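Look at the sequence and the model together.

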Amino acid sequence: MMPLTMAREGEQNVIKKVGGKEETRRFLKNLGFVTGGVVTVVSEMGGNMIVNVKDSRVAIGKDMANKIMV
């Protein structure tokens, strides 16, 4: 298991765990980051990432990406 920030571009990853406070987990869940879901890194710049999750493209910061374990 590793944080999403360590995933390579273009590689599909299965979300194993979403960490953080309850409010953070709820926010990420609403964006589509749920346990068992598939996430693909589209691009990464300075730690900030653009990812495909549930047929949507989402931009998340490094701090949020570190809470998503794949």
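**Starting at Thr40**

Not counting residues up to four places away in sequence, Thr40 touches Gly10, Glu11, Gln12, Ile50, Val51 and Asn52. A contact here means heavy atoms within 4.5 Å. This is a predicted model: local features need pLDDT of at least 70, side-chain atom pairs count only at pLDDT 80 or more, and totals for chains, interfaces and linings use all residues. Residues are numbered from 1 along each chain as its sequence is written, and side-chain values use heavy atoms, with hydrogens and water left out.

Where does Thr40 sit? Thr40 is part of strand 3, residues 38–45. Helices (H or I, at least four residues) and strands (E, at least two) are DSSP runs, numbered from the N terminus. Is Thr40 buried or exposed? Thr40 is buried, because its relative accessible area is 16%. The cut-offs are these: buried means under 20% relative accessible area, exposed means over 50%, and partly exposed lies in between (1.4 Å probe, protein chains only).

**The partners of strand 3**

Strand 3 pairs with strand 1, residues 12–14. The two run antiparallel, and three bridges join them. Two strands pair if DSSP finds at least two bridges between them. Within this pairing, Val14 stands opposite Val38 of strand 3.

Now turn to strand 4, residues 48–53. Six bridges join strand 3 to strand 4, again in the antiparallel sense. Trace two of the facing positions. Ser43 stands opposite Ile50 in strand 4. Val39 has Val53 as its bridge partner in strand 4. Strands 3 and 4 form a hairpin with two residues between them. In the turn, Gly46 has a positive phi of about 60°.

**Two faces of strand 4**

In a regular strand the side chains alternate between the two faces of the sheet. Follow that along strand 4. Met49, Val51 and Val53 point to one face and are buried.

**On to strand 5**

Strand 4 also pairs with strand 5, over five bridges and in the antiparallel sense. In this pair, Met49 stands opposite Ile60 of strand 5. These strands make a hairpin too, with two residues between them. Lys54 takes a positive phi near 50° there.

Stay with Lys54 for a moment. Lys54 lies in the loop between strand 4 and strand 5 (56–60). Lys54 counts as exposed, because its relative accessibility is 56%. Leaving out residues up to four places away in sequence, Lys54 touches Gly32, Val34 and Val38. Lys54 and Leu4 are 50 residues apart along the chain, and their C-alpha atoms are separated by 16 Å.

**The helices**

Next, find helix 1, residues 22–31, which holds Thr24. Thr24 counts as buried, because its relative accessibility is 16%. Its contacts are Met64 and Lys67, not counting residues up to four places away in sequence.

Helix 2 covers residues 62–65 and includes Ala65. How accessible is Ala65? Ala65 has 0% relative accessibility, so this residue counts as buried. Ala65 touches Pro3, Leu4, Thr5, Met49 and Ile60, again not counting residues up to four places away in sequence. Ala65 and Gly19 are 46 residues apart along the chain, yet their C-alpha atoms are separated by 10.0 Å.

**The whole chain**

Step back. The protein chain has two helices and six strands. Read along the sequence, the pattern is β-β-α-β-β-β-α-β. Of the contacts with a separation of 6 or more, 54% join residues 24 or more positions apart.

How does the radius of gyration fit a compact globule? With 70 residues, such a globule would have a radius near 11 Å, and the chain has 10 Å, so the two agree. The radius is taken over C-alpha atoms, and the globule rule is 2.2 Å times the number of residues to the power 0.38. Along its principal axes, the C-alpha trace spans about 30 × 25 × 20 Å. Buried residues make up 34% of the 70 residues.
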